[in-house]
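Reader: I would like to learn how to read a few features in a structure. Can we go through them one at a time?

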Amino acid sequence: MEGLEEPKIPGIIRYKMGRNTRKTRMGGYPSEHVIRFTALNYYQAPDRSKVKILDFGCGAGANTWYFAREGFDTYAFDGSLSAVTHAKKNLARQSLKADIITADGLALPYEDGMFDAVVDAAVICTNTLADIRAMLDEIFHLLKKGGRIFSISFGKKTTGYGTGTGLEPDTERDVKEGRLQNIRIHWMTRESLQGLLSSAGFSNIVIDELVYTDRGSVVHQYLAQAQKL
């Protein structure tokens with residue numbers, strides 16, 4: 001496994017996850033989109049300690065830290081041992097608790113129907129299409145009935161689209177430009193993301209689109225949430 005690599009996106013840390021899965025994660029602060037999803041859906045829970053949330057590919061643990069700080073029953077994994085060690089140290093410094101393990105995103109040890117929410121902060125989209133399908137299927141099984149997935153992915157307006165080495169339709173590695181430089185990415189469209197979530201069994205699919213400029217580069221994201229009914 002590889003450890004911490006040189007950040008290519010300001011404030012973002014990159015790791016390798018099991019089976020060559022590559023991911024991007026916020027290094028110091030939780031994602032504002034993750035905070036919004038969590039607040040809207042779970043802040044009013046009668047007992048947050050009963051709400052189980054899985055940080056799908058936790059990296060340095062920024063979102064994990066946020067879930068634990070807010071009192072949720074927090075679980076997280078990453079394929080990088082150094083990332084997991086760093087995340088654990090971050091939480092320990094503030095006496096926060098979370099179940100953080102080293103694991104492969106395609107072979108997770110959790111029980112079916114275990115989680116109220118699974119949060120993917122731009123991890124799943126850094127895989128091939130076959131592995132994306134497998135991960136979404138896995139998440140569907142891990143969720144309780146009524147549970148939700150929140151997932152961030154990148155669209156084709158992002159600077160760097162089309163500059164990498166093609167692996168399959170809409171999947172590239174070693175993107176040459178922009179804030180996703182040097183990583184592998186499967187570029188989403190609203191239709192393809194909707195289809196993937198629907199095929200995995202999800203309902204109540206809502207996809208928001210966000211385009212912004214980051215230090216001269218365009219970032220195009222899809223923010224999806226869906227439910228297991």
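Reader: How many of the 8 residues of helix H2 are buried?

Author: This is a predicted model. Buried means under 20% relative accessible area. In helix H2 (residues 62–69), 7 of the 8 residues are buried, so the helix is largely enclosed by the rest of the structure.

Reader: Which residues are buried in H2?

Author: They are Ala 62, Asn 63, Thr 64, Trp 65, Tyr 66, Phe 67 and Ala 68. Just after H2 comes Gly 71, with a positive phi of about 90 degrees.

Reader: Where does a residue other than glycine take a positive phi?

Author: Take Ala 122, with phi near 65 degrees. Ala 122 sits in the loop between strand E6 (115–120) and H4. A second case is Asp 170, a residue other than glycine with a positive phi near 70 degrees. Asp 170 belongs to the loop between strand E8 (165–168) and strand E9 (171–173).

Reader: Is Ala 122 buried or exposed? And what is the relative accessible area of Asp 170?

Author: Ala 122 counts as buried because its relative accessibility is 4%. Asp 170 has a relative accessible area of 30%, which means it is partly exposed.

Reader: Now the sheet. What is the strand order of the open sheet of 7 strands?

Author: Start with the general idea. Strands of a sheet pair through backbone hydrogen bonds, and the pairing is either parallel or antiparallel. Here the order is E5-E4-E3-E6-E7-E12-E11, and the pairing is mixed.

Reader: Which strands stand at the edges?

Author: Strand E5 (99–102) and strand E11 (203–214) do. Each has a single partner strand, so one side of each lacks a neighbour in the sheet. Neighbouring strands of this sheet are turned against each other by 15 degrees on average, direction ignored.

Reader: How many bridges join E7 to strand E12?

Author: There are 7 bridges between E7 and strand E12 (residues 217–227), and these two strands run antiparallel. For a landmark, find Arg 148: it stands opposite Gln 227 in E12.

Reader: Which strands does H5 lie across?

Author: H5 lies across E7, E11 and E12. Its direction is at about 145 degrees to E11.

Reader: How do I look for empty space inside?

Author: Rolling a probe the size of a water molecule over the atoms shows where empty space is left. In this model the count comes to 1 cavity of 30 Å³ or more. The largest cavity has a volume of about 60 Å³.

Reader: Which elements give two or more residues to the lining of the largest cavity?

Author: Helix H4 (129–142), strand E7 (143–154) and helix H5 (190–199) do. E7 gives the largest share of that lining, 4 residues.

Reader: Which residues line the largest cavity?

Author: The lining includes Asp 120, Ile 124, Cys 125, Ile 132 and Leu 136. Also among the lining residues are Ile 149, Ser 151, Ile 152, Ser 153, Met 188, Leu 193 and Leu 197. By type, the lining divides into 9 nonpolar, 2 polar and 1 charged.

Reader: Step back to the whole protein. How many helices and strands are there?

Author: The protein has 5 helices and 12 strands. Of its 229 residues, 53% are buried.

Reader: And among contacts between residues at least 6 apart in sequence, what percentage join residues at least 24 apart?

Author: For contacts in that set, the figure is 64%.

Conventions
Residues are numbered from 1 along each chain as its sequence is written. This is a predicted model: local features need pLDDT of at least 70, side-chain atom pairs count only at pLDDT 80 or more; totals for chains, interfaces and linings use all residues. Side-chain values use heavy atoms; hydrogens and water are left out. On a 1 Å grid over the protein atoms alone, a cavity is a set of points where a 1.4 Å probe fits but cannot get out, and a pocket is an open set with protein on both sides within 12 Å along at least five of seven lines; lining residues have an atom within 4 Å of a point. Grid points are joined across faces, edges and corners, and a volume is the space filled by probe spheres set on the points. Ala, Val, Leu, Ile, Met, Phe, Trp, Tyr, Cys and Pro count as nonpolar, Asp, Glu, Lys and Arg as charged, and the others, Gly among them, as polar. Two strands pair if DSSP finds at least two bridges between them. Axes are lines fitted to C-alpha atoms, for helices over the stretch in contact, and angles run from 0 to 180 degrees between N-to-C directions. Contact means heavy atoms within 4.5 Å. Buried means under 20% relative accessible area, exposed over 50%, partly exposed in between (1.4 Å probe, protein chains only).
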